[in-house]
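Keep the 3D view open as you read.

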Amino acid sequence: MTEVTHAVGGQVSAITLNRPEALNALTPGGRELLIELLAQASADPDVRAVVLTGTGRGFCTGADLRGASTGGPRLPGDVARTLRLGAQRLIAAVLDCEKPVIAAVNGTAAGLGAHLALACDLVLAAESARFIEVFVRRGLVPDGGGAYLLPRLVGPHRAKELMFFGDAVSAAEAERLGLVNRVVPDGELDKTAHEWAARLAAGPTRALALTKQLVNASFDSDRATAFAAEAAAQEINMTTQDAQEGVRSFVERRSPEFKGR
């Protein structure tokens, strides 16, 4: 069985975690394939949106720790290097993907799996989905950018509550907290995700990429830096065919036809 399946249709890259027997826990090989597929989506002009989901009862329960060594000698820097080249690279691949990424959370999203979903640009959750900051249950510090992502979504106090207690958060509660955009019935998750992806794929792809960059950098920028980045993004975007089509269609009083260029 392939750990990650992939198909492109309608200018949408559909990436599916496919280890339902392990609740889609990620092996190093699966993680590397995800990173590669996200990079391919960025570079492919025929891909204009990405949908990331899982099979079975789990979206992703984090890194597969079965067989992981917990003893023996460990050299200084080993753990940091493993995280930098592993979990952090994966989250960065989502944040840096030049196409909008939709997470369709079909079940449990725990640990790195929760952070994988929250790093996406839009998050849809099935009613049966739940999110768990599971690290504290194992005596671990959150990884995969959790302490970076969560406070930006829910604020520092709520982020600490989630991380300190490690309680499961239902889909409805996740929506209330602002962790997800929308909760849908389980049977409508795939349909809704692909409807959203189709809308994004019909949009001005370069403008969406630049907007994503501006929003992702906004919490790390002072006003002057943010305004300079905005001006640079505008300068770049106004050279695109889609921006010219957008202005032309407004003048001609018709709907724009964006080509992603």
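## Starting at Val180

Val180 has a relative accessible area of 6%, so it counts as buried (buried means under 20% relative accessible area, exposed over 50%, partly exposed in between, with a 1.4 Å probe and protein chains only). This is a predicted model, where local features need pLDDT of at least 70 and side-chain atom pairs count only at pLDDT 80 or more, while totals for chains, interfaces and linings use all residues. Residues are numbered from 1 along each chain as its sequence is written, and side-chain values use heavy atoms, with hydrogens and water left out.

To find Val180, go to the loop between α7 (171-177) and β10; helices (H or I, at least four residues) and strands (E, at least two) are DSSP runs, numbered from the N terminus. Which residues does Val180 touch, not counting those up to four places away in sequence? They are Val123, Ala125, Phe131, Ala171, Ala174 and Glu175, where contact means heavy atoms within 4.5 Å. Leu153 sits 27 residues from Val180 in sequence, and their C-alpha atoms are 9.4 Å apart in space.

Leaving out residues up to four places away in sequence, Leu179 touches Leu118, Val123, Leu150, Leu153, Val154, Leu162 and Ala174.

As for α9, its 14 residues should span 20 Å at 1.5 Å a residue, and its end C-alpha atoms agree, at 20 Å apart. Thr205, Ala207, Ala209, Leu210 and Lys212 are buried in α9. The cover over these buried residues includes α3, β5, α10 (223-237) and α11 (241-251).

## Empty space: a cavity and a pocket

Rolling a probe the size of a water molecule over the atoms shows where empty space is left. The grid here has 1 Å spacing over the protein atoms alone: a cavity is a set of points where a 1.4 Å probe fits but cannot get out, a pocket is an open set with protein on both sides within 12 Å along at least five of seven lines, and lining residues have an atom within 4 Å of a point. Points are joined across faces, edges and corners, and a volume is the space filled by probe spheres set on the points.

How many cavities of 30 Å³ or more are there? The count comes to one, and the largest cavity holds about 50 Å³ of space. Leu118, Phe131, Ile132, Glu133, Leu150, Leu162, Val169 and Leu179 line it. By type, the lining has seven nonpolar residues, no polar and one charged. Ala, Val, Leu, Ile, Met, Phe, Trp, Tyr, Cys and Pro count as nonpolar, Asp, Glu, Lys and Arg as charged, and the others, Gly among them, as polar.

The second largest pocket holds about 630 Å³ of space. Of its 28 lining residues, Ala119, Cys120, Asp121, Val215 and Asn216 lie nearest the centre. At least two lining residues come from each of α3 (87-96), β7, α5 (146-154) and α9, with α9 giving the largest share, six residues. The lining of this pocket divides into 17 nonpolar, four polar and seven charged residues.

## Two positive phi values

Most residues other than glycine have a negative phi, and most peptide bonds are trans. Gln11 has a positive phi, near 65°, and its place is in the loop between β1 (4-9) and β2. Gln11 is partly exposed, with a relative accessible area of 28%.

Leu23 also has a positive phi, near 50°. Look for Leu23 in the loop between β2 and α1 (28-43), where its relative accessible area of 22% makes it partly exposed.

## Two more stops

Gly86 is in the loop between α2 (78-85) and α3, and at 2% relative accessibility Gly86 counts as buried. Gly86 and Arg31 are 55 residues apart in sequence and 7.5 Å apart in space, C-alpha to C-alpha.

Val247, in helix α11, counts as partly exposed at 46% relative accessibility. From Val247 to Ser13 is 234 residues in sequence and 28 Å in space, C-alpha to C-alpha.

Definitions and conventions:
Expected span 1.5 Å × (residues − 1).
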